[in-house]
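Please read the numbered points alongside the sequence and the model.

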Amino acid sequence: MNFKRFKYRFVFQLVLFFIFAITYTSLSAIQVNVKDSNGNNLDLVMVTIKAEKPQVPPRDDHGYPPEGLTFFITPEVTMFTNPNGKVDIPFPYAPQVTIRLRKIGYKDINVRPHSNVSSVSFRMEKVTDLNYLVGQYPSNSWVAALEFGEDKELRKTYLEQCGFCHQQGSFFMRRAFSEGDWEEIINRMMGYGARPHGKAKKKLPGILSNAYVDLLKHPERVKPGRTWGKELYGAVIREWPMGDSFSQMHDLLFHKKTGLVYVGDNIQDRLWEINPNTGKTVVYKVPKLPEDELGGLLPGRLRSFQKHETYVGLHSLAESPVDGNIFITPSLQRRITEFDPVSKKFKNHLFKDGLYPHTIRIDGEDRVWFTLALSNQVGMFNRKDQSFHTYDLPARTKKESFSLWISGFIIKLMNWGFPMHLLPVDERVSGMPLPYGIDVAPNGTVWFTRLHADTIGKIDPKNDSFQLIPTPFQGPRRLRVDRDNNVWISVFPEGSIAKYTPEDGKFKLYPLPTAVDGVETPYSLNVDRKSNLVWVTGTSSDNLMAMDIKTETWKVYPMSRKVTFTRDIEFSPDGKVYSSNGAFPSWHIEDGQPTLMEVTQAK
């Protein structure tokens, strides 16, 4: 970018910000009053306020903000009415706003533009059309109503293998697709990485075609999700739009030293840096090396995707407890990338052994731990001597050992354009145990999951020993460890989370409050050790939810957009909760707009 042009743009943006701050911070909150058509106060109405003309950055870099340019994102604010049908929403961001009211069972109200005035009243009309009503229900309500016959395991396979990029049962799925349509969809998704076993691949097209056609004829079988609860009184949800419908906002990090939030766009190789206090934002492109191909080491995987700039595949982030540097897994390369949040410089650490660095965490000794999903390994980067160490995990069978041995050749076939759906896949995806989530306990033990192998494992860094532990459930995805060294695991296809207690070696399952007939897909979870809460992503129900570990009671926070697919959770020191909408593709989201989300609980 031309430096002079960049400088003038920066000054212009800065002047706009100060004018914006001086003009609008004195505005009082908007009081919204809501009644039903009979004049009765209506509580727990979701009220979302946006700026009518939000600040929009230039999009000179292939439709995205230029790298290094400072700009400001206008947040959106969502709150819920109290028992008196009222809510005061602070919105000091713009003189003209749009207001949307939403409550299951009532027709949405959308008003634009509207003056940012002190009080406004609405009346909401009840829904009488059944098709309209069930269209308001979350995606998992629809999947729960699909008829899979007696094969409950097939439904779990469907959720595990078809629900990790985007929701099933969303309005994009609710179509009268033919069996041939579904076969084509499944084959295409296998090219992106889905691995339904042979029997499922054969049966699912017919089952899904018949089930959706039948459900569209009988919408009364679709049951509502969880009713919104009193925990929403006083809660505040803020969102900052990022990227576009071709982005995939994957993992994020609340940086403890600076208070900035970093979000990784996996499909566009961009790192977003957002100040949640001011909306000040800068985008950095994760640098590629001269030899890097478009699509990285798996160039065939995204060949059919309409728009992407994926050379490294920015995936997971972790902050060093020593100097605050951020370490990133570029999933499509053999390296770990380091980002200095002060100098804004990137540095690559290359390794030779392993494939698909996935989730990353850093221990108290400043050692960087990460899973290697496609090579059945766990890696460790020692910052003190700049060395890598790899832990080779055992294969489940001789067949799997052979499959892992030839995996490099299989990847070459995929990159050459070989139709991946022609390769055989057995019921537990032998050849792909898929080491996935990883975390470091307060006592220094490193814990990890193997998604397809139905195991968790632990590594003792003191002697490099490791142990694998079978899980009594399918599909452990990501895990975190609480302040008492207990391990919490997201049970992806079973609508639950699990607690593993190392002292007695026992698992305890906790069904999620948002599950409908057991259908929910918790992609990840995180433990706020300070407040002793475990937060879970409800990727099928558009929710974030929290369980008090001591009382085992739940609170659920609905997000403002349908098809909200959250992939990770972070916390600020004062207890605010952050996540991002990482649906892939992002045009599945209700308005095609990914966001950074912040939840502030009521006091």
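1. Does Arg155 count as buried or exposed? Arg155 counts as buried, because its relative accessibility is 11% (buried means under 20% relative accessible area, exposed over 50%, and partly exposed in between, with a 1.4 Å probe and protein chains only). Arg155 forms a salt bridge with Asp517, with 3.3 Å between the closest N and O atoms (a salt bridge is a side-chain nitrogen of Lys or Arg within 4 Å of a carboxyl oxygen of Asp or Glu). This pair links distant parts of the chain, 362 residues apart: Arg155 is in helix H4, and Asp517 is in the loop between strand E29 (506-511) and strand E30 (525-528).

2. On the basis of the note: the model is predicted, so that local features need pLDDT of at least 70 and side-chain atom pairs count only at pLDDT 80 or more, while totals for chains, interfaces and linings use all residues. Residues are numbered from 1 along each chain as its sequence is written, and side-chain values use heavy atoms, with hydrogens and water left out. Helices (H or I, at least four residues) and strands (E, at least two) are DSSP runs, numbered from the N terminus.

3. Glu153 counts as partly exposed at 43% relative accessibility, whereas Lys156 counts as buried at 17%.

4. The structure holds 38 salt bridges. One of them joins the side chains of Arg383 and Asp366, at 2.9 Å from N to O. Arg383 lies in the loop between strands E20 (377-382) and E21 (387-392), and Asp366 in the loop between strands E18 (357-362) and E19 (367-372), so the pair ties together parts 17 residues apart in sequence. Both Arg383 and Asp366 are buried. Salt bridges that share partners also join Asp251, Arg361, Asp439, Arg478, Arg480, Arg529, Asp568 and Glu570 into one network.

5. Strand E30 belongs to an open sheet of four strands, in the order E30-E31-E32-E33 with antiparallel pairing (two strands pair if DSSP finds at least two bridges between them). E30 and strand E33 (554-558) stand at the edges with a single partner strand each, so one side of each has no neighbour in the sheet. Four bridges join E30 to strand E31 (residues 533-538); in E31, Val536 is the bridge partner of Leu525.

6. The largest nonpolar core has 29 residues, and those with the most contacts inside it include Leu146, Phe148 and Tyr158 (such a core is a set of buried Ala, Val, Leu, Ile, Met, Phe, Trp, Tyr and Cys residues joined through side-chain atoms within 4.5 Å). Among the elements giving two or more residues to this core are H4 and helix H6 (198-217); H6 gives the most, with seven residues. A second, separate core of 27 residues includes Tyr192, Leu355, Phe492 and Phe584.

7. Glu76 lies in strand E4 (residues 76-80) and counts as buried, at 7% relative accessibility. The side chain of Glu76 makes a polar contact with the side chain of Arg561 at 2.9 Å (a polar contact is a pair of N or O atoms within 3.5 Å; within protein, one must be able to donate a hydrogen and the other to accept it, and residues adjacent in sequence count only if both atoms are side-chain atoms).
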